[in-house]
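Hi,

Here is the structure I promised to pass on. Have a look at it first, and my notes on what turned up follow below.

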Amino acid sequence: MTNILLAGVGGQGTVLASKLLARAAMDAGLNVRTAETIGMAQRGGCVVSHVRIGNCYSSLIPLGAADFIIGFEPGEAVRCLPYLKNGGAVVAATGGVMPVTASLGSCDYSPEAMLDYLRRTVPNLTLLDGSEVCAQCGSSKVLNVALLGAFATAYEQLSTAPEITFAGIENAVREMVPERFIEMNLAALKLGAGVVTAK
């Protein structure tokens, strides 16, 4: 079984990314369950998607059981670290999005402090400069797919028998993304994968 937790902020494409992962798993003939805990996503709140591949009874990943966390935003990745199992891996975007609670209150939010914490506490960490990838693709909407590219490559490197592959996610993009956006998203997928292979 593989448990993947996706954590981001409303509008970043977290739910679509989880659907692409689920489609890749289903195309491979695997059982998959998904669930979202969305909260105030439409107002910039947190979005957490659970993807469980294999035989399980619940759609929600228990604490300490996630094989991977895909963090669309550094603070959200840190907030979800209690879900990561020992030896688990994190793939996270470096760009910060100020949480609603911070923007309404007097507290400061430092994405770099969150990244430093991830570097200190997560041995299997991959960081993706989402701004650079989005600039190369010409759209800010491809961060989610770029993160999937980085995830797929990291997963294939860490596992002897990955249940989801880069090729599987690539096929899911072709099947689920509107035709006029396919090539742009495939470019983002490859750029995200390149971050891992260049490490």
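A quick definition before anything else: I call two residues in contact when they have heavy atoms within 4.5 Å of each other. With that in hand, residues 24 or more positions apart account for 61% of the contacts in the chain with a separation of 6 or more.

Please keep in mind that this is a predicted model, where local features need pLDDT of at least 70 and side-chain atom pairs count only at pLDDT 80 or more, while totals for chains, interfaces and linings use all residues. Residues are numbered from 1 along each chain as its sequence is written, and side-chain values use heavy atoms, with hydrogens and water left out.

The overall picture: the chain has 8 helices and 6 strands (DSSP runs, numbered from the N terminus: H or I of at least four residues for helices, E of at least two for strands). From the N terminus, their order is β-α-β-β-β-α-β-α-α-β-α-α-α-α. Of the 199 residues, 48% are buried (under 20% relative accessible area; exposed is over 50%, partly exposed in between, with a 1.4 Å probe and protein chains only).

Now the inside. The largest nonpolar core has 41 residues; by that I mean buried Ala, Val, Leu, Ile, Met, Phe, Trp, Tyr and Cys residues joined through side-chain atoms within 4.5 Å. Helix H6 (residues 143-158) gives the most to this core, 10 residues. Ile 164 is one of the members that touch the most others. Leaving out residues up to four places away in sequence, Ile 164 touches Ile 4, Leu 21, Ala 24, Ala 25, Ile 53, Tyr 155 and Ile 169. Another core, of 18 residues, lies apart from this one and includes Ala 7, Leu 115 and Val 122.

Val 122 also turns up among the contacts of Leu 84, along with Phe 68 and Ile 69. Leu 84 sits in strand S5 (residues 84-93) and counts as buried because its relative accessibility is 15%.

Helix H5 (residues 130-137) is worth a look too. Its buried residues are Gly 130, Val 133, Cys 134 and Cys 137. Just after H5, Gly 138 has a positive phi of about 80°.

Cheers
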